[in-house]
Structures are given as structure tokens and as C-alpha cells.
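Colleague: I have a structure on my screen and would like to learn how to read it. Please take me through it step by step.

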Amino acid sequence: MTAPQFLTRFLLLLVALPAIGQTRKNVSLDDIWGRNQGVFAQRTVDAVNWMKAGGFYTTLDGEKIMKFSITTGAAVETLFDARQATVSDAAKRVSVEGYQLSADERKLLITTQEEPIYRRSSKAEFYVYDLTTRALTQLSKAGKQQYATFSPDGKQVAFMRNNNLFVVDLATQKETKLTTDGKLNAIINGGADWVYEEEFSMARAFEWSPDSKRLAWIRFDESRVPEYDMQLWGGLYPVEYRFKYPKAGEANSRVSVWLVDVLTGKKILAQTGTETDIYLPRIQWTKNPELLSIRRMNRLQNKLDLLHVNAATGQATTVLTETSATYVDLEFTDDLTYLVDGKSFLWSSERSGYKQLYLYAINGQLIRPVTTGNFEVSSVSGVDEKTGTIFFTSTETSPLERHLYRIGLNGQNKQKLTTLPGTYTANFSPDFTYYLLYHTSANAPVRVSLRDTKTTRDLRVLESNDGLKSRLAGYKIQPKQFFQTKAADGSPLNSWMIRPANFDSTGAKKYPVLMFVYGGPGSQTVKNDWDSRDFFWYQTLADKGYIIVSVDGRGTGARGAAFRTATYAQLGKLETEDQIAAARQLKTLPYIDPARVGIWGWSYGGYMSALCMTLGADVFKAGISVAPVTNWRFYDTIYTERYLKRPQENAAGYDENSPVTHATKLRGPFLLVHGTGDDNVHFQNSVAFEDALIAAGKQFQSFYYPNRNHGIYGGNTRLHLYQMLTNFVETNL
């Protein structure tokens, strides 16, 4: 029998094969999560800090901060050696966990004793190292700091501590407290609250003016935000941990933007309007030290304004507005670049239906579209104003790939700079003489090469991952095969499949299938990109005779606004229909056992697998939900209301597609896993679903990981988790 037409567009991606006669090993969980973990780890070059003096970069090498020649790779100078440097007023050494180089390249700001808080936030001790005098000085002795940052002239450092903003004059070591009203669970000056950090991808909420005379910051008043209460287990009595978390429909922090003259302490409030139930998720200085830009969004996030604020008076002018019938994704405006001429800026928008680039005059008047087409600009890699060139990555070749292009600011002379299939990113030197090019594909780990902007050839390779490729050649690795299937409405959906070794397509043998789903708005699981550890878990399952499949349904990314926003106001509905439709099509293949198709997912994917196991109970035999949202009423304001509006306005969108609502429909074996310390998708979600399943008389399996967060990791945790997942799959599929 031949395969149905929907499954004939396979692209087979081959991995390195072993030498003839070499015996290949099976991938084990120990190789991924246990005592052998690291065998599949790829090397990369991810800590390069370019220097303005052309051709040099710095990086952390163990306990040393080294300066290298970019063209030869040779070490030129040791900038800092933690084994030799001691603090000027104390005979102690400082370990290096991170660092910044001042803009004048005369000082280092060294991070040590860092403590993570949430996903992007942390506090640490900071030390300043003068590269001329070799003096190492503690930035502040009054407690750990957050987000310490050099001023542009390198003479000051600003930071946040205990929700207040401070500045240190490095010449005198004088520490000045710029705000005084900061208070735990009430007022935050210069740092994001929980929901901004998680959903607007930010932590530091202050910015230096280009002339180093002012600081602008976002002030969060979270006193009205309800608190979430988690218990931390381990002692004789559990410890209560409370933090501000605004669930959908509840009160957000009231936000305002302030500017302060760091010399005089004079403060100015930016006039962002009379409406207080808004978001102010981005502040950014223009090239003019007297002009600050702010992005303002309404509560439903279907309108975004770009404001320009006079730094001396606080008066604001709306220069640009984006609106949508669904939502404006802040991420799609994050390529805002103010040009050195002070007269124009580059702006990204998906007003055409696809994210593209536009050039505007500083007053908000459109000069011209720079890029056009039915593809998405993924990101701007840099703007070389000397030559009038923009470097960017896009999906023009395929939604599964990202390639590097350049184009003139005039919209002319677009050139594709990459050729091999896969995913590219680039890191340009400040003078745009050189760039590091990162390339991966589904069959190859990252390769990092050096190029100059005058040619498209490699000058040298910084990382080839030949060691990993050699190790992979010793294992039985089954490649991903990309194909298209159809959504419930007939739309083509990008998909991949991993098949067992010695696969028999004739139908003489029937294989069980485990589908992996994420499915959240704008996400992608189907990309021609190097996969991480779950790919290797799938190898263990393939070795046991399973087929693994992933399908990006409607609502996922890289295919334009209409495809992504189709799920607006009804999260879970179309996504579930598409996974069910894909599973039914898979069941028509001669080599798939239609009675043994299961599904699993984590986070949004856990939500999806729970819906598939209830609404698709006649399709899926077994399912696994890890850390799922089970009712969007339990999740945060920014993410949830962006896609569903508030529950006060769209109750049906919340309740009709909640697994809790459909608990009575569960039929097959179901495993529910959650960490009790999950500050993101609260354990409450699984408790509510379990309660509904119990009320419905449904048997299921559940497992909780004490104190583990959304990632469920630490020590032996991941090995334990994946052993359990594997056992469940083997038992029930």
C-alpha cells in the first residue's frame, strides 16, 4: 500500500552515520538525565562581548576574562584573573559569574554570588574592576543588588535594591538613593513585577540617558494586586511563600514612568495619560538625551501607542499607533531602532498580515516600508548606518527555517546571506566589520563561524561540534522527517515524525504513536533546528518501537497574523480540533496501530493533551499532562487576556475549552504531573482538574514534585520524571 497523499511530502534529514562495522548504542535515559548526562550537549559561543576597537572581543574563560583577536582566535590579553585580583579594602578574592564592560572599555562590572529569583530576575554582589589601576572595589556594602548597569560614560553604576533605585559615583564611591518609597509587595522602582517579567520578557525596568545625566524607570504599584500563596515543604512546618500574581480579570500593578536627574535628584513624571489600567512595557531612549520613548498598551492589548516624552517636562506626544481586531503582540515591535541621525527610526509591525520593517521620521510620519512580502521578519540583527544597511532574519525561505538577509534602508538591494537549510542567527560587531554566524538544522548541532560583511564566506570556524557529531555517530539516532498534514478546516499543517529503526512501511507491522504537542499562540515545535533533550528521549522510545509525531496546528507561529490569531477568544478549541484531525489522519496509515495513539505535552502542551484526552477521548488511547493550565481563570492577566480578553467579557472562552469542564469525558489512561512550587502555572490548576475527575468518578494517575517550579528539575528530578513518563508510555501504549 502507498501512504495517503497528505503524508507524501517527507524531507528526510540524515544524521552522521558510524563507520562500517561500528556497533551503535541505544540512547538511554542515563545518557540524557542520569550519570552520563552531557554526552549529547552541544558546545557554542554564547558569551562574546564585542569591543569597539575593531577585531577584538572578550569572554569569560573559567576564572579569567580574556581579550581575543576575532580573526585569529588568539588570546591577546588577560583583562581580569579572579585568582590574582583582590578587593582593594579587603584581602578576599571574587569569583566571576558574569561581567559587563563599560562603554569606554576602561572598567569591568563583575557579578558574583548571584541568586535567581524568578525566570529573569536575580540579585547579586557586584564589583568594579579598573583596567588601568587594577583596583577591585565592591560596588555597595549595604546588601545585594539587582540589575547593576554602567552609565554610558562609564562613570556611574545604577542598580535596584529593596525595590528602590540607587546610583554610585565610581570616582568617589558615593552611593545615592534616588527613590525612597520602594516596599516589598507594594512599590517597585526600576524592576519588573512578576507578570511583566514573565510575559513581557523583562526584568530591569530602568534606562540611562545617552548623556548619562538622567535615569528613566518604570514604577510599579502592586499594592492592589492579589497575592498567591505557595507552601514550601521540607521543614517541620511548611513555609508560606506569598507573592503578587494577577490572575485573569484581577487588578494589575498601576504603572508610571519617571525620570530623575542623577546630579540634582529632581524627578519628572512622564505624562502617559489619564487611564491607569494600562501597560507600559518598554522604555527606550532615542539618540536625543532629551527624548524618551515609551510603549503604551491598553488592558486588552489590541492597541499600542509609541510615545515620545520630553525629558525636561514629562510632556508626551503619541507619534505612532498600532491597532488590531485581535491583539497587538509587543514582541513584534521589539525591533525599534532609533537611528543616529536623530531624524528617523526603524519600526516592526504586522499590519500587512506579516511582520515587516518600516522606516519612520522621528515625528511618526511613515517614510517607507523597508521589507514587504508574505513572510515574517523574525528579528533585526543590526543596522549599519554607515552603509545604510539592515541585517535581519526571516521566514521567507520557509516557516520552518530562519535565514539571514541584508537590505538597504531605502528598501533596495535585498540579499540572502545564507544558503544551507536550517536556522541561522547572527551576532554583529559594533562597527559591522564582522559577525558570528550560528547555523543549526534538525540533523546538525550548532556551527559557529566568523564572517565579514563584505563577503559571504567563512573566515574561520569558532565551533564545529565535531566532538558531538562523533559521539552521535556511535548511537542509534533516528532523524526527523518533515511532512504536512491537514487541520480540521483543511489548512496544511507542518509536522515531523521520528520512526523506529528498521521501520516497515508495508503494514506488516503496526506501530504505536506518541504525539507531542505544545500549540500555544506563536509557538513552533516544527522547525528545521537542532533539538534538545526531548529529541533524545524520543530516540529511547523509537528504539522501543514507537513512532513520535508533532504537529503545529492553527494558532502557532511563523505563518502570518491570520493563522496565528485564528484561536483568538477561544484558546484550545481549534488547537484541539487540529490535533484530533491529525491523529485521525495518522490512523489511516498502513503501518500505524489505530488503537494505540497517545499524546503528551508540558505547560500549554499539558493543557492541550488534557483537552485531547477529554474532547478527543475516542481518538487518543492515553495521555500525559505536565504542569498544565486547566482553567485560564487561574493564569495571569497579560498572557491570558491578550488571547481571551477578560473573563468578565468572555466567560465562554474561558469555560467552554477548560479541561475541568470536560472531566466527565476522560476515558483512557491519563497521567497528570505538576511541581508544587510552580510560580508560573500554579499547582492549583492540577488540583482543580483532579477534583473534577474525582467528582466524575474517573480513574487517573497523578504525581507531584515537592517545591519544584515550572521546569521540574534539580538533582535527580528530571531522570525520575522521564523514567515515570517512559513507564507510562510502555504500560499504556
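Modeller: Let us start with the words: two strands pair if DSSP finds at least two bridges between them. Helices (H or I, at least four residues) and strands (E, at least two) are DSSP runs, numbered from the N terminus. Please keep in mind that this is a predicted model, in which local features need pLDDT of at least 70 and side-chain atom pairs count only at pLDDT 80 or more, while totals for chains, interfaces and linings use all residues. Residues are numbered from 1 along each chain as its sequence is written, and side-chain values use heavy atoms, with hydrogens and water left out.

Colleague: Thanks! Which residue in β22 is the bridge partner of Arg282?

Modeller: Look at strand β21 and strand β22 (residues 291–298), which make a hairpin with five residues between them. Their pairing is antiparallel and runs over six bridges. Within β22, the partner of Arg282 is Arg295.

Colleague: Is strand β21 enclosed or open to the outside, and how many of its eight residues are buried?

Modeller: A residue is buried under 20% relative accessible area, exposed over 50% and partly exposed in between, using a 1.4 Å probe and protein chains only. Strand β21 covers residues 278–285, and the rest of the structure largely encloses it, because the number of its eight residues that are buried is seven.

Colleague: Staying in β5, is Val76 buried, partly exposed or exposed?

Modeller: Val76 belongs to strand β5. Contact means heavy atoms within 4.5 Å, and, leaving aside neighbours within four places in sequence, Val76 touches Phe56, Lys67, Phe68 and Ser69. With a relative accessibility of 45%, Val76 counts as partly exposed.

Colleague: How far apart in space are Ser381 and Phe428?

Modeller: Ser381 sits in strand β29 (residues 377–384). Beyond its neighbours within four places in sequence, Ser381 has contacts that include Phe391, Leu404 and Phe428. Ser381 and Phe428 are 47 residues apart in sequence, yet their C-alpha to C-alpha distance in space is 7.2 Å.

Colleague: Which residues of β40 point the other way from Ile547, Val549 and Val551?

Modeller: Here is a general idea to start from: in a regular strand the side chains alternate between the two faces of the sheet. Strand β40 (residues 547–551) is mostly covered, with five of its five residues buried. While Ile547, Val549 and Val551 point one way, the other way point Ile548 and Ser550.

Colleague: Which residue stands opposite Ser550 in β40?

Modeller: β40 has four bridges to strand β38 (residues 492–498), running antiparallel, and in β40 the residue opposite Ser495 is Val551. Strand β39 (residues 511–516) also has four bridges to β40, but this pair runs parallel. Opposite Ser550 of β40 stands Phe516.

Colleague: Now the helices: how do α6 and α7 lie to each other?

Modeller: Axes are lines fitted to C-alpha atoms, for helices over the stretch in contact, and angles run from 0 to 180 degrees between N-to-C directions. The axes of helix α6 (residues 573–587) and helix α7 (residues 604–615) come within 10 Å and cross at roughly 65 degrees. Angles under 35 degrees count as roughly parallel, over 145 as roughly antiparallel, 65 to 115 as roughly perpendicular and the rest as oblique. The two helices, α6 and α7, are therefore roughly perpendicular.

Colleague: One last thing: which residues of α11 make the contact with α4?

Modeller: Helix α4 (residues 533–543) and helix α11 (residues 717–732) have axes that come within 11 Å and cross at roughly 40 degrees. On the α4 side, the contact is made by Asp534, Trp537 and Leu541; on the α11 side, by Tyr722, Leu725, Thr726 and Val729.
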